[in-house]
Structure formats: C-alpha cells, structure tokens
Amino acid sequence: MQKSELDEINRVSTYLSKIPGIGFKSAKRYAIWLGEHKTEAINLLESLNSLIKNVSTCSKCFNLTTSTDGLCEICKDFERDKSTICVVQTIENLVEIEQSNVYNGLYLVLGGVISALYDTETVLKRIDYLKERVKEEAIKEVILVLSSTSEGDLTVHYIKDSLRNLNVKISKVASGIPIGQDINYVDKRTLMEALKSRIYI
Ligand SMILES: [Zn+2]
C-alpha cells in the first residue's frame with residue numbers, strides 16, 4: 001500500500017479503535033477488510049446511519065431507545081415496579097438482567113464506576129441524577145449491581161453517601177451477578193439467587 005491508501009485505512013482505524021476492546025492493530029485489520037469488501041462496507045455504513053438517526057439515550061435511565069419522546073420502553077412500562085431502581089454499570093448489564101426475566105423494576109445505567117484513572121464526570125453526574133430520581137419518584141429501594149473491584153466498592157460507598165438522609169433502602173448484590181458473561185451461559189437461577197440474596201448496606 002502507498003501513502004494515500006494507508007491514510008484512508010488509518011483514518012477508519014482511528015475511529016474503530018475508539019470502540020472499547022478494539023486495539024489499533026485489530027482496527028487496522030478491520031479497515032483493510034472493509035476496503036476489500038465494498039458491499040459489507042456499504043451495509044455497515046447504512047446500518048450506522050440508521051443507528052445514528054433512530055437510536056438515542058433514554059433521558060431517564062440512559063438505556064438506548066428508538067422512541068421519539070426520549071424514553072425507553074422500560075421507563076414507560078406501567079406494569080413495572082416503579083419503586084425500585086437497579087443501578088448497573090453498562091447497558092449490556094441492563095440487557096443481561098432484562099433477558100433473565102428476574103427483575104421488574106426500573107434502572108439507571110451509570111456508564112462506568114468511579115475511578116482515579118479515568119474521567120468519571122459522567123458517572124458522577126448520573127449519581128447526582130440518581131439522587132434526584134430517588135427524591136422525585138419516591139423510590140423505596142436502590143439495588144446496586146456493580147463489579148466487585150475496589151473501584152466498584154468505592155462507587156458503592158459514594159452512592160450510599162450521596163443517598164444518606166433520604167428515605168430509601170440501599171442494597172447490593174452479594175456474590176455478584178456474573179456480569180459480563182454471555183447471558184446464554186448465565187443460569188437464570190444464578191441471577192435470581194443473586195438478586196434475592198442481596199444485602200442491605
Ligand atoms: Zn429508560
């Protein structure tokens with residue numbers, strides 16, 4: 001490849017490598033593959049255009065939604081228990097819990113945990129917003145489903161502290177839902193037990 005082709009590949013690789021989990025080397029391999037496979041590249045482009053146009057973040061729980069009013073199906077569902085919020089790190093975690101059918105309350109996606117290494121402005125803002133929701137929606141319980149790392153623990157303490165003085169129970173999943181595993185491999189019973197055996201903090 002000459003410089004001009006390399007520039008094209010590098011431009012695509014740069015954007016691909018911004019996706020968590022994709023290193024620059026893999027990104028470059030994908031970009032070259034897309035350069036070779038025009039039909040696939042066009043399909044990808046069209047699906048991305050549709051995603052950008054139709055999908056947004058729910059203004060209440062930060063799940064994804066295609067709804068034009070900015071609220072996801074979970075937040076709008078009258079059948080759900082509106083007195084409980086389950087706080088998760090990522091949208092994938094929310095999807096895992098939803099697919100297991102063991103929880104019927106509301107959610108709030110933090111978008112990460114508090115860390116000394118990364119910019120956690122979004123996480124902190126969302127914790128402030130959680131506090132608002134607890135007050136305004138008369139929430140009775142907040143269930144924390146966060147990773148059992150020191151950063152996860154720090155986040156649990158921070159949330160507990162910011163919700164103090166509010167009349168709300170705070171619990172965390174004791175042994176940890178096997179977050180991050182493909183839901184197909186996660187036993188529904190394990191998820192159910194993890195939520196049932198949550199501890200109040
Ligand atoms: Zn929502």
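Val-87 finds its bridge partner in strand 4 at Leu-108. The model is a predicted one, in which local features need pLDDT of at least 70 and side-chain atom pairs count only at pLDDT 80 or more, while totals for chains, interfaces and linings use all residues. Residues are numbered from 1 along each chain as its sequence is written, and side-chain values use heavy atoms, with hydrogens and water left out.

Four bridges pair strand 3 (residues 84-88) with strand 4 in the parallel sense; strands count as paired if DSSP finds at least two bridges between them. Helices (H or I, at least four residues) and strands (E, at least two) are DSSP runs, numbered from the N terminus. From strand 4 (residues 106-109), Leu-106 and Leu-108 point one way and Tyr-107 and Val-109 the other way, yet all are buried. Buried denotes under 20% relative accessible area and exposed over 50%, with partly exposed in between (1.4 Å probe, protein chains only).

Strand 5 (residues 141-145) and strand 6 (residues 169-172) run parallel and are joined by four bridges, with Ile-143 partnered by Ser-171. Strand 6 is also joined to strand 7 (residues 199-200), here antiparallel and through two bridges; Lys-172 has Ile-199 as its partner in strand 7.

Turning to the metal, Cys-58, Cys-61, Cys-72 and Cys-75 each coordinate the zinc ion through SG, at 2.3 to 2.4 Å. Donors are N, O and S atoms within 2.8 Å of the metal (3.2 Å for Na, K and Ca); water is not among the atoms, so sites may look incomplete. The spacing of the donors along the chain is C-x2-C-x10-C-x2-C. Cys-61, in the loop between strand 1 (56-57) and strand 2 (64-65), and Cys-75, in helix 4 (residues 73-76), are 14 residues apart. Both Cys-61 and Cys-75 are buried.

Helix 1 (residues 3-16) shows two contrasting sides. Ile-9, Ser-13 and Leu-16 are buried in helix 1. These residues lie on the same side of helix 1 because they cover an arc of only 55 degrees around the axis, the arc being that of the directions from the helix axis to the C-beta atoms. Lys-3, Arg-11 and Tyr-15, on the other side of helix 1, are exposed.
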